[in-house]
Amino acid sequence: MLRPAHDPKPSLITMRRRPSFTPLTLALLPLLSAGWASAQTAVAPPAPAASAAQPDSKPASRPAARPQPAPAKADPKAEQLERVEVSGGASETAQRRASTASKIVIGREEIERFGDASVAETLKRLPGVTTGGRPGRGGAPRMRGMGAGYTQVLVNGERMPAGFSLDDLPPEQVERIEVMRAPTAEFGARAVAGTINIVLREALVKRNNDLRVGSAYEKGLWSPQFSWTRNDTLGEEGSGHAYTTSVVANRGSRMDDVDTRITTLNLADRSSSVIRQSGSSESTRDSLNVNARVQLRLDAGNTLNFMPILVAAQGKSSSAFTQVPGRDYDQVQTEGDNQFRMGRLNGMWMQRLSDSSRLELRGGIGQAKLDSRSLRQEWRGTPGALMLSKRQDDTTDSLDRSWNLASKLSHQLEASEHSLVGGLEAEGVKRDQTRISLVNGLPRPELADYGDELQASTLRLAAYAQDEFQISKQWSAYAGLRWEGIRTSSDAANYAVRNNSSVWTPLFHTVWKPNEKSRDQVRVSLTRSYRAPDVQNLIARPTINPQYELDPDTGSYPDRAGNPDLKPELATGIDLAFERYLSKGGVLSVSTFARRITDLIRNVTALETVSWSGTPRWVQRPRNIGNATTYGIELEAKFRLDEFFDDALPVSLRSNLSLFRSSVDGIPGPNNRLDQQPKATANLGADYRMRGLPLSFGGNLNWTPATTVQQTPLLASSSSRKLVGDAFVLWNINRDIGLRLAASNIAPLDYSSASVITTSKLQTTTESAGRTFTNWQARLEIKL
């Protein structure tokens, strides 16, 4: 088993700087508790109907809802900025409050606040969301600590193709982020943990022309950034036609340490051996993102929208490290490069059939090409007398072509409070892939039976119906039913795959208020969701690990292959939440969730007799291993300080704390958790816009504790804690020019990960560690 983070025994991980996270936990818990208690006291008396910034959907009530005006000599610019902040916050809070299914909406101001380089960095501050990778490096988002397909990520309501990464999506192109903690019939049920829908910039009937130029700096490397966004009307004034276009170009440069130790312990005689690898790696990635939206308003309230998206990215990486003592080599050099190109055109037609009915038709076509090449060279000897012993060259070229069609019919029943929606969806993806693997310039004979060419396709069909209705003035509900079927097939030498699956998912959400004007409400959701295996997990073609011989006894570096017999995971869930909406747009909430998962998919390493080797080899495959349970509680407090103290500064405070637990049946405890799920995550942040001065500043502290997961009876893995501090300062030089300074990963900590494989004879521990660094950023923001 892995040693806990506080184990006093020296190791590559524990010898590094790793102070206890207990003070942070103790600081966060009283803050949230105190905030909740003060809210109970401060908001107990009923607020007047015209309170400040009350989230009200009626525009006419907003002027009356503003706080008392400042004295006549107050700075008009400062007053104007304050109005923008309040109304924007109220709009997002109003959307959250009005939604029957639990939804958190993050608007432009919050997205832009810290000047993040990617959307992935922005998401880590949201309640219950964690990211993979080193601190300050973004990574795939995980709601409730659940990644690897449990969190559904959409862009404009659509899934993106393989190879697309949120690290390539800059915040400047995002209008808002919608976080749904439970699945809905319309957005799909492939959301066991929840859904993150990223909505790109929308076409508004107003002129806007923004230019942003800046650069980030980390460990001696510069990463320049450029973005331009233009929004304007089309045609004659008053036509309602509008467009927006956004262009973002940036370069990301990184340098990391490579420090790995592999310890093999013989359980019989307690003898051990150690292999140490140390060196460094460097990478650069250039990307260009272009997206636009054209909105045409036609007769009778009908609209037509076109949304093109273009992404071009190219990355290069290299590493060099030495191995002591040398087993099959003494030094290794690697080089890699990849190119990603994606083009997509989406269209949407909205037809008003009557005063109570509307038809929406959506369609899209796209193509994505991902080409990658990696070169690994192993050397024997001493510095100055090295001899090349092995050269492995792998090239993979993939081309994905996709299309999708969807229709949605909405109807409001005149005689009741029922809003009916029904829809049909179809989506197809075809992949053509070529993979060539050469060792010392020659094809690998052990892969000859599998060929170099692969064709695979996926067809998804779905139908859904939902009814959102008012039971009473205090009680609303949502009932939905969705059917979804997926057919996956591939044609390749010796391993053609045919896999069909379908799932029925009933869904129910309800919201109850103690009375019609209450600021409190209770949410309940009963759902069924699922996680489908992707194409790569179904295809059985093997990938031979070039480092296999480092540990052929316990399989620390196994070969990999797919499993065409995988079944989708099914999850039955319940969500409960209590929310209190404050008079100035703040919110306090407590939510709990539970999921029971069947046919859990997990990568399992086992010794197999394989066609590509004359002896048994360790192979990692995804398998359905059984059932699992996960549950947790999520606390959130978001408010302005003057919400509770009349003389306080209007400092905006944000804090959230999420606690997660899970257990996988058949895996020995106590760490038999879902893959990558930490025990908790928390955020504490504040920002303030100064009165009388054109300055705004703020900061955020993100914490994720050290995590240990028993993945199989033989394998356990762990990662160190994350404590990431971010800060920003915005100086509005004048009405059209601003300068934003930001820092991410302030006071960086070392980051480490480890795995332990225990068999009947041997125990192999692989520990990797490295430093992390502060990322500094300066950006000039100009309104042209």
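This note goes through a predicted model of one protein chain, point by point.

1. Overall make-up. The protein chain has 784 residues, and 50% of them are buried. Its secondary structure comes to 5 helices and 34 strands. Among the contacts with a separation of 6 or more, 68% are between residues 24 or more positions apart.

2. The largest nonpolar core. In soluble globular proteins, nonpolar side chains tend to be buried together. Here the largest nonpolar core holds 37 residues, and F164, I177 and I597 touch the most other members. Several elements each supply at least two residues of this core, including β1 (103–106), α4 (119–123), β5 (174–180) and β6 (194–200). Also on that list are β11 (303–324), β12 (331–352) and β23 (587–608).

3. Which residues does I177 contact, leaving aside its neighbours within four places in sequence? They are I104, V105, I106, I111, V119, L123, L126, I196 and N197.

4. Aromatic pairs. The whole structure has 5 aromatic pairs. In one of them, the ring centres of F114 and F728 are 5.2 Å apart; the planes meet at 75°, which is over 60°, so the pair is edge-to-face. This pair links distant parts of the chain, since F114 is in the loop between α3 (108–112) and α4, while F728 is in strand β30 (residues 722–732), 614 residues apart. F114 counts as buried because its relative accessibility is 5%, under the cut-off of 20%. F728 is also at 5% relative accessibility and counts as buried.

5. A second aromatic pair. The rings of Y217 and W222 have centres 4.7 Å apart and planes at 55°, so this pair is tilted. Y217 is partly exposed at 32% relative accessible area. W222 counts as exposed, because its relative accessibility is 55% and the cut-off is 50%.

6. Charges over rings. The charged end of R531 sits over the ring of Y150, at 4.6 Å from the ring centre. In another case, the charged end of R617 sits over the ring of Y548, 3.8 Å from its centre.

7. Rolling a probe the size of a water molecule over the atoms shows where empty space is left. A search of the whole structure gives 12 cavities of 30 Å³ or more. The second largest cavity has about 210 Å³ of space. It is lined by 18 residues, of which E110, R125, L126, R654 and N656 are the closest to its centre. At least two lining residues of the second largest cavity come from each of β1, β24 (617–640), β25 (652–664) and β26 (680–689).

8. E172. Is E172 buried or exposed? With a relative accessible area of 10%, E172 is buried. E172 is placed in the loop between β4 (151–155) and β5. Not counting residues up to four places away in sequence, E172 touches R108, R201, R212, S227, T229, S246, V248 and R779.

9. I436. This residue is in strand β15 (residues 418–439). I436 is partly exposed, with a relative accessible area of 38%. Where sequence neighbours within four places are left aside, I436 is in contact with D393, D394, T395 and D452. I436 and T395 are 41 residues apart in sequence, yet their C-alpha atoms are 5.2 Å apart in space.

10. Cis peptide bonds. Most residues other than glycine have a negative phi, and most peptide bonds are trans. The bond from V324 to P325 is cis, with omega near -10°, and P325 is in the loop between β11 and β12. The bond from G669 to P670 is also cis, with omega near 5°. P670 lies in the loop between β25 and β26.

11. Positive phi. R144 is not a glycine but has a positive phi of about 55°. R144 lies in the loop between β3 (141–143) and β4 and counts as buried, at 2% relative accessibility. Q676 is another residue other than glycine with a positive phi, near 70°. Q676 is in the loop between β25 and β26 and is partly exposed, with a relative accessible area of 39%.

How values were computed: Residues numbered from 1 in each chain as written. Predicted model: local features only at pLDDT ≥ 70, side-chain atom pairs only at ≥ 80, totals over all residues. Heavy atoms only, no water. Core = buried A, V, L, I, M, F, W, Y, C linked by side-chain atoms within 4.5 Å. Buried < 20%, exposed > 50% of the residue type's maximum accessible area, 1.4 Å probe, protein only. Helix = DSSP H or I, 4+ residues; strand = E, 2+ residues; numbered from the N terminus. Contact = heavy atoms within 4.5 Å. Phe/Tyr/Trp six-rings, centres within 6.5 Å; stacked < 30°, edge-to-face > 60°. Lys NZ or Arg CZ within 6 Å of the ring centre and 35° of its normal. 1 Å grid on protein atoms, 1.4 Å probe; cavity = no way out; pocket = protein on both sides within 12 Å on 5 of 7 lines; lining within 4 Å. Points joined across faces, edges and corners; volume = space filled by probe spheres on them.
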